[in-house]
Amino acid sequence: MDLYAVASGYAPRRAFELEHAELPRFAVLCAKLLAVLWLATGQVVYFRSAFVPFPGAFAFDAPRAAPLIVLAQLVAVLTIVCSRFVRTGCAMLAAIIVVLAALDQPLFSNNRWFCALVLGMLALGDDGRLARFQVALVYAAAAVDKLLSADWRSGWFLQGFTTNLCGTGALGSFDGAPRTPLPATCWLAQQLVTSNLAAQLCSLLVIATELAIAAGYLKPTRLVIPIVIGFHGVLLLVTGSTFGIFFYACIACSVLVLDQRPRT
Amino acid sequence: MPRARIVGVIALAAQLLWLAHEQLGSSRYFCWSPLHEHVWYRVEAQVGGKPLSDDQIAARYGRRGAFYHRSARGFWELNAAQHVLDSVTWRERTLPPEQRATVSVLYRINDRGARTWTYTP
């Protein structure tokens, strides 16, 4: 391997370049945004030294692995942001996230898994189409799961969820410390509890929005961007939580619906 | 068809199959179901007849992101209840027999009726 050639592929100025031989500009932008957000939201240190892997047959402690895990993620982020090996960096970061997710069941979270698969699909290239299909699948699956739930269809879930949220404080208080609930949460809880019809309509609106976003990714339309920002913005307003990296990652991925023509 | 596209299509198809599989059970791992259900639960655990405190329980099972209601001694989280029960089972069965706890979980899914689940070493 020509190490000089590899090293010369890295340069700070590349952080602002979106041109890539195999990926369209907005797929590159999406990859860079996800990488930066991974760093900015502290995901690089979100793991434990005591691992309980799927499917729970054994457990192990690896306290000395922590610096290596952080270093590997930093190298992957740097490779995505500041090198011409964007796809390689995406593959590295996706693989690390997948391994960490598989190694610790208690820390499993949809938002980190989402980033892993989008990055994995960007690593495969294909003009960013696979990444778009991946995001479409995520929204469609979320909608179908809700449609199959009787508590979602009846509005019962949203009534209980918002009422509990109003009683315990914003989800941002999930460090265990109670906080003052958000006014929007308690207002919504009151509306939903006093009217079953409102709860049902609200549930259907959530499901319909997720399906619409999925469709907008399958057949790319720019309308997806304001819908995604509005949908996740309302979620943030009501819950006070970004759900880890999910809020940022979903908005970052919405650029995938922009021009996907590969560079000629 | 390019090899990368074939890999991607297989990955998407595998996810679809997994999504269908998870819908048949009570867990929701790797299948895009945020806010599937919310669950209140209280865990009582004893090792060798000695009860563990809530702090010890939180550390033992590592459920980060659960809201802890001190006066009710209960946790609230937005994951499937099965994930909580799996955390207990998997953690306990990987410990040496003498360190395993007898665990009882009282929980309510979506504010429905209370259920009790127990783990015996």
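# A guided tour of chains A and B

Read along the sequence, chain A shows the pattern α-α-β-β-α-α-α-α-α-α-α-α-α-α, made up of 12 helices and two strands. The model on screen is predicted.

**Stop 1: chain A as a whole.** Select chain A and display its C-alpha trace. Along its principal axes this trace spans about 70 × 45 × 35 Å. The radius of gyration is 20 Å, which agrees with the value near 18 Å that a compact globule of 264 residues would have. Of the 264 residues in chain A, 44% are buried. Among contacts in chain A with a separation of 6 or more, 67% join residues 24 or more positions apart.

**Stop 2: helix H2 of chain A.** Select residues 25-40 of chain A, which form helix H2. The 16 residues of H2(A) should span 22 Å at 1.5 Å a residue, and the end C-alpha atoms are 22 Å apart, in agreement. Now colour the buried positions of H2(A): Phe26(A), Ala27(A), Val28(A), Cys30(A), Ala31(A), Lys32(A), Leu34(A), Ala35(A) and Trp38(A). Which elements cover these buried residues of H2(A)? The cover includes H3, H4, H5, H6 and H12 of chain A. Just after H2(A), pick Gly42(A), where phi is positive at about 75°.

**Stop 3: a cis peptide bond.** Continue to the loop between strand E1 (50-51) and strand E2 (60-61) of chain A, where Pro55(A) is found. The peptide bond from Phe54(A) to Pro55(A) is cis, and its omega is near -5°.

**Stop 4: the largest nonpolar core.** Select Ala31(A), Leu93(A), Val118(A), Leu119(A) and Leu122(A), the residues with the most contacts inside the largest nonpolar core, which has 67 residues. At least two residues of this core come from each of helix H2 (25-40), helix H3 (66-82), helix H4 (86-103), H5, H6, helix H10 (196-218), helix H11 (224-239) and helix H12 (246-253) of chain A. H6(A) gives the largest share, 13 residues. The core lies between domain 1 (1-124) and domain 2 (132-264) of chain A, because both give residues to it. In soluble globular proteins, nonpolar side chains tend to be buried together.

Centre the view on Leu119(A). Leaving aside neighbours within four places in sequence, Leu119(A) is in contact with Ala31(A), Leu34(A), Cys90(A), Leu93(A) and Ala94(A). Two of these partners, Ala31(A) and Leu34(A), are among the buried residues of H2(A) already coloured at Stop 2.

A second, separate core has 20 residues, and Val39(B), Ala45(B), Phe75(B) and Ala101(B) are included in it.

**Stop 5: where the two chains touch.** Display both chains together. How many residues does each chain bring to the contact? Chain A contributes 35 residues and chain B contributes 36 residues. On the side of chain A that touches chain B, helix H5 (110-124), helix H6 (129-147) and helix H8 (156-168) each supply at least two residues. H6(A) provides the largest share of that side, eight residues.

**Stop 6: chain B as a whole.** Chain B has three helices and six strands, and from the N terminus on they run α-β-β-α-β-β-α-β-β. Chain B is more spread out than a compact globule, because its radius of gyration of 18 Å is well over the 14 Å that the globule rule gives for 121 residues. The C-alpha trace of chain B spans about 60 × 35 × 25 Å along its principal axes. Buried residues account for 36% of the 121 residues in chain B. Of the contacts in chain B with a separation of 6 or more, 56% are between residues 24 or more positions apart.

Colour chain B by its assigned domains, domain 1 (1-30) and domain 2 (34-119). Taken over C-alpha atoms, the centres of these two domains of chain B are separated by 30 Å.

**Stop 7: two loop residues of chain B.** Select Leu35(B), in the loop between helix H1 (3-23) and strand E1 (39-47) of chain B. Leu35(B) is not a glycine, yet it has a positive phi of about 60°. Is Leu35(B) buried or exposed? Leu35(B) is buried, with 20 other C-beta atoms within 10 Å.

Finish at Asp111(B), in the loop between strand E5 (102-109) and strand E6 (114-119) of chain B. Asp111(B), although not a glycine, has a positive phi of about 65°. Asp111(B) counts as partly exposed, with 16 C-beta neighbours inside 10 Å.

How values were computed:
Residues are numbered from 1 along each chain as its sequence is written. Chains are lettered from A and ligands numbered from 1 in the order in which they are written. This is a predicted model: local features need pLDDT of at least 70, side-chain atom pairs count only at pLDDT 80 or more; totals for chains, interfaces and linings use all residues. Helices (H or I, at least four residues) and strands (E, at least two) are DSSP runs, numbered from the N terminus. The radius of gyration is taken over C-alpha atoms; the globule rule is 2.2 Å times the number of residues to the power 0.38. A residue is buried if 20 or more other C-beta atoms lie within 10 Å of its own, exposed if 12 or fewer, and partly exposed in between; C-beta atoms are placed from the backbone. Two residues are in contact if their C-beta atoms, placed from the backbone, lie within 7 Å. A nonpolar core is a set of buried Ala, Val, Leu, Ile, Met, Phe, Trp, Tyr and Cys residues joined through C-beta atoms within 7 Å. Domain bounds come from an automatic or database domain assignment. The expected span of a helix is 1.5 Å times one less than its number of residues.
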